[in-house]
Amino acid sequence: MEKRDLGLGPTSLLGFGLMRLPVTGGPSEIDKPKAMAMVDEAIAGGVNYFDTAWMYHAGESENFAGEALSRHDRSKWLLADKMPLMSITRKSDVDRIFSEQLRKCRVDYFDFYLLHGIMGNNVGLIDGLGIYENLGRKRERGLIRHLGFSFHDSPAVLERVVSAHDYEFGQLQLNYYDWENQDAAEQYRILAERKIPVMVMEPVQGGTLADPGEEAVGILRAADPEASPASWAFRYAASLPYVQTVLSGMGEMSQLRDNLGTFSPFRPLSDGERRTVSEALTAFRKASRVPCTACRYCMDCPEGVEIPRNLGIYNDYSRMRSLKHPMADLLLKMEYGLLAEPQRAGSCVSCGNCVPLCPQHIDIPHWMGEVARDHRALSMPPAEGPAIGKDRD
Ligand code: SF4
Ligand code: SF4
């Protein structure tokens, strides 16, 4: 297993995210025998970075981490946990949650500790409740070895976050699809310029890049018949020099074994392999609901509409809807909301200038209307109707 040290000590390049463990029923019902066997095999394979959080598996991930990891020598593993900003309303919550996390994880310190899910709407909370300072004091007392954050917002917000405090590392959503589509490239650049190591989350975009569609899979298989589609995505993320570790939320032993193979030893992508990924990405985009390849030939729109971004967001939303993903609506609301007003699909005036420029012959004004309409529908209050139970009273 490849290890990397960017100043935080050596961590395995593959990190084990304890958020999609095998279950026997609901999310809190972790299939312990299966999950423990995976942890044991990961450690035997050289994985030393394990990542849990307060809300993973409805609160059971931390308990599982404590039970599974405490069976192994403490020198064999590093544990990352997170302060759930979304669960904090007062100062005292921070100490209460942190103490509970130590107890659940059966540790007396965390190797890595993150402010979980920083976004524009909670960044004020960090200073308002002195959360960074509180965790900094815990670091001085040896309860935290390295203090960082995980992030879900725009590059502008990320600039604010890293300018406000001296974080030792940042966790970003980064994969070859989001590299352009979700500003991952810009976010990575912001951290790399400051020499802040990056922990990668969602390297296979929630599983999408493990099966990116028939044509894309064919391109990847033609280049290397033995390599799984997921392995390309992991290698893409880990080939970036400021990436410290790449997290994988593994739910099956077969995934773990495939990932161990990818990183033992790790081979960075060659220039030729990068071209292969780029071809696969183009094929993947073509197979999406709107076959936009993000070539940007249609740009610039005279009204300022960010056509490929709107279509990318809409494709993500449509894919998640078809998978009945609970975050689909939130994704559309959030990502569309992050665009400046003129960039949004709703600013399209249907002039048609962009249509003949598109090599995919996409009816761009039509789809701008669809994106704006679906976003509007999500933003409207529910229609007035009989309250549940009203007629029966
Ligand atoms: S049709 Fe809409 S998106 Fe295309 S150039 Fe005109 S305003 Fe811009
Ligand atoms: S030209 Fe067509 S395929 Fe290319 S970015 Fe614009 S809409 Fe997408």
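Student: Why is Ser 248 called buried?

Tutor: Buried means under 20% relative accessible area, with exposed over 50% and partly exposed in between (1.4 Å probe, protein chains only). Ser 248 has a relative accessible area of 9%, which is under 20%, so Ser 248 counts as buried. Keep in mind that this is a predicted model, where local features need pLDDT of at least 70 and side-chain atom pairs count only at pLDDT 80 or more, while totals for chains, interfaces and linings use all residues. Residues are numbered from 1 along each chain as its sequence is written, chains are lettered from A and ligands numbered from 1 in the order in which they are written, and side-chain values use heavy atoms, leaving out hydrogens and water.

Student: Where does Ser 248 lie, and which residues does Ser 248 contact beyond its sequence neighbours?

Tutor: Ser 248 belongs to strand β10, residues 243-248; strands are DSSP runs (E, at least two residues), numbered from the N terminus. Leaving aside neighbours within four places in sequence, the contacts of Ser 248 (heavy atoms within 4.5 Å) include Leu 14, Phe 16, Phe 234 and Asn 259.

Student: How do you know whether His 146 is buried or exposed?

Tutor: Use the cut-off again: His 146, in strand β7 (residues 144-151), has a relative accessible area of 16%, so His 146 is buried too. One of its contacts is Leu 8, 138 residues away in sequence and 7.4 Å away in space, C-alpha to C-alpha.

Student: What makes the link between Arg 309 and Asp 183 a salt bridge?

Tutor: The term asks for a side-chain nitrogen of Lys or Arg within 4 Å of a carboxyl oxygen of Asp or Glu. Here the closest N and O atoms are 3.4 Å apart, so the pair qualifies. The count between domain 1 and domain 2 is one salt bridge. An automatic or database assignment sets the domain bounds, giving domain 1 (3-277) and domain 2 (290-379).

Student: How much area do domain 1 and domain 2 bury between them?

Tutor: About 760 Å², with 41% of it on carbon and sulfur atoms. Buried area is the accessible area (1.4 Å probe) that two parts lose on being put together, summed over both.

Terms used: Helix = DSSP H or I, 4+ residues; strand = E, 2+ residues; numbered from the N terminus.
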